[in-house]
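Here is a short briefing on one protein chain. Look over the sequence and the model first, then read the points below.

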Amino acid sequence: MRVQSTRAENMPLAQTVDPFLTWLENRGRSPHTIRGYASDLREFIPFAEQIGCPRPHDLSFREIELYMAMLRERGAAPATINRAVSTLSALWIFLRREGVATNDATRDVISLKEPVRLPVYLPQDEQERLLAGLARLRTPLGRRDHAVFGTFLFCGLRLEELVRVRLDALDLESCRLRVIGKGDKQRQLPVVRRLRRILEAYLRDARPQLVADTTLPWLFVNANGDRGGYRARRPGEPLVTRSVYRLVVERSEEILGRRVHPHALRHSFASRLRSRGADLQEVQELLGHSSITTTLMYSHINPASLARMEELLK
């Protein structure tokens with residue numbers, strides 16, 4: 001249903017936020033992305049109201065650039081400022097579609113130049129140190145965390161993808177993992193022998209100790225009550241992104257002596273492939289990057305390519 005039927009033209013921006021976020025959700029945007037948009041709007045709307053521009057037609061590129069200047073004075077990085085403008089651009093697309101606005105305050109805004117940042121990744125020796133340290137953890141939670149790191153390093157998943165993996169998406173007999181990525185696009189990844197052994201140990205020796213009901217659909221779960229020596233707030237529920245983020249940071253600091261974030265593990269996967277001869281198209285397809293062609297985004301990797309990736313990841 002269009003919000004135009006229940007909301008007037010040029011209504012206050014504050015009243016458009018919830019419909020906008022619902023629209024994003026219906027378009028398959030991830031919870032992480034929606035939270036980011038919501039945070040950006042919580043910053044912008046009070047600013048717009050304070051300068052006397054609470055409605056879409058009150059705003060032009062001049063006010064948007066004034067907001068950018070204010071963010072810069074507060075010390076925000078160019079990437080952060082550009083992200084905020086991108087959020088506003090998406091909002092205006094929504095407002096124009098729904099007849100709430102006829103203008104586009106973001107159309108003539110020029111993005112800030114961002115410094116080129118190389119991806120942060122772990123060299124292979126540190127990847128091996130991480131995996132070896134995790135392999136020594138014999139508790140149910142330790143085996144689960146070993147499986148989480150292994151899946152990041154050998155499949156290159158995004159954090160949001162990992163917490164959504166279901167048991168029926170993992171086929172250890174054929175060594176394949178089905179992943180639901182951004183926009184609910186699916187791709188299929190190889191499960192190399194090392195990862196298969198890690199996952200088998202987790203599913204056999206750890207997961208049954210973490211949940212009372214082994215029919216629960218999620219691959220990576222919170223502990224059930226006091227099982228595994230850990231009381232969870234949501235027993236048997238899938239791990240949430242903040243929990244995985246925290247365990248990756250804490251385990252890496254414990255083993256490597258420094259903090260590593262989940263996305264660095266994804267970059268490490270790509271780095272390992274590239275260093276062993278994978279071309280960019282192969283890596284992009286496995287990572288599910290939006291920059292590849294539409295056909296590649298929706299197609300599964302053929303068996304020959306999967307076998308090649310298995311060789312590269314050994």
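In which helix is E200 found? E200 is in helix α8, which covers residues 193-210. The model is predicted, so local features need pLDDT of at least 70 and side-chain atom pairs count only at pLDDT 80 or more, while totals for chains, interfaces and linings use all residues. Residues are numbered from 1 along each chain as its sequence is written, and side-chain values use heavy atoms, with hydrogens and water left out.

**The whole chain**

- The chain has 13 helices and 3 strands. Both are DSSP runs, numbered from the N terminus: helices are H or I with at least four residues, and strands are E with at least two.
- The chain has 314 residues, and 47% of them count as buried. Buried means under 20% relative accessible area, exposed means over 50%, and partly exposed lies in between (1.4 Å probe, protein chains only).
- Take the contacts in the chain with a separation of 6 or more: residues 24 or more positions apart account for 59% of them. Contact means heavy atoms within 4.5 Å.

**Two residues**

- E200 counts as partly exposed, because its relative accessibility is 29%. The C-alpha atoms of E200 and L172 are separated by 8.0 Å, although these residues are 28 apart along the chain.
- R251 sits in helix α9, residues 241-256. R251 counts as buried because its relative accessibility is 17%.
- Leaving aside neighbours within four places in sequence, R251 is in contact with L130, L134, L137, L141, G142, D145 and F149.

**Helix α2 with helix α3**

- Two packed helices are described by the angle between their axes and the distance between the axes. Axes are lines fitted to C-alpha atoms, for helices over the stretch in contact, and angles run from 0 to 180 degrees between N-to-C directions.
- The axes of α2 (residues 31-50) and α3 (residues 61-73) come within 11 Å and cross at roughly 115°. Therefore α2 is roughly perpendicular to α3. Angles of 65 to 115 degrees count as roughly perpendicular, under 35 as roughly parallel, over 145 as roughly antiparallel, and the rest as oblique.
- On the α2 side, the contact is made by D40, E43, F44 and F47; on the α3 side, by E63, I64, L66, Y67 and M70.
- These contact residues divide into 6 nonpolar, no polar and 3 charged. Ala, Val, Leu, Ile, Met, Phe, Trp, Tyr, Cys and Pro count as nonpolar, Asp, Glu, Lys and Arg as charged, and the others, Gly among them, as polar.

**Helix α3 with helix α4**

- The axes of α3 and α4 (residues 78-97) come within 10 Å and cross at roughly 150°. Therefore α3 is roughly antiparallel to α4.
- From α3, I64, Y67, M68, L71 and R72 meet P78, I81, A84, V85 and L88 of α4. This contact has 9 nonpolar residues, no polar and 1 charged.

**Helix α2 with helix α4**

- The axes of α2 and α4 are 9 Å apart, and the helices pack at an angle of about 95°. Therefore α2 is roughly perpendicular to α4.
- Y37, D40, L41 and F44 of α2 meet R83, A84, T87, L88, A90 and L91 of α4. By class, this contact has 7 nonpolar, 1 polar and 2 charged residues.
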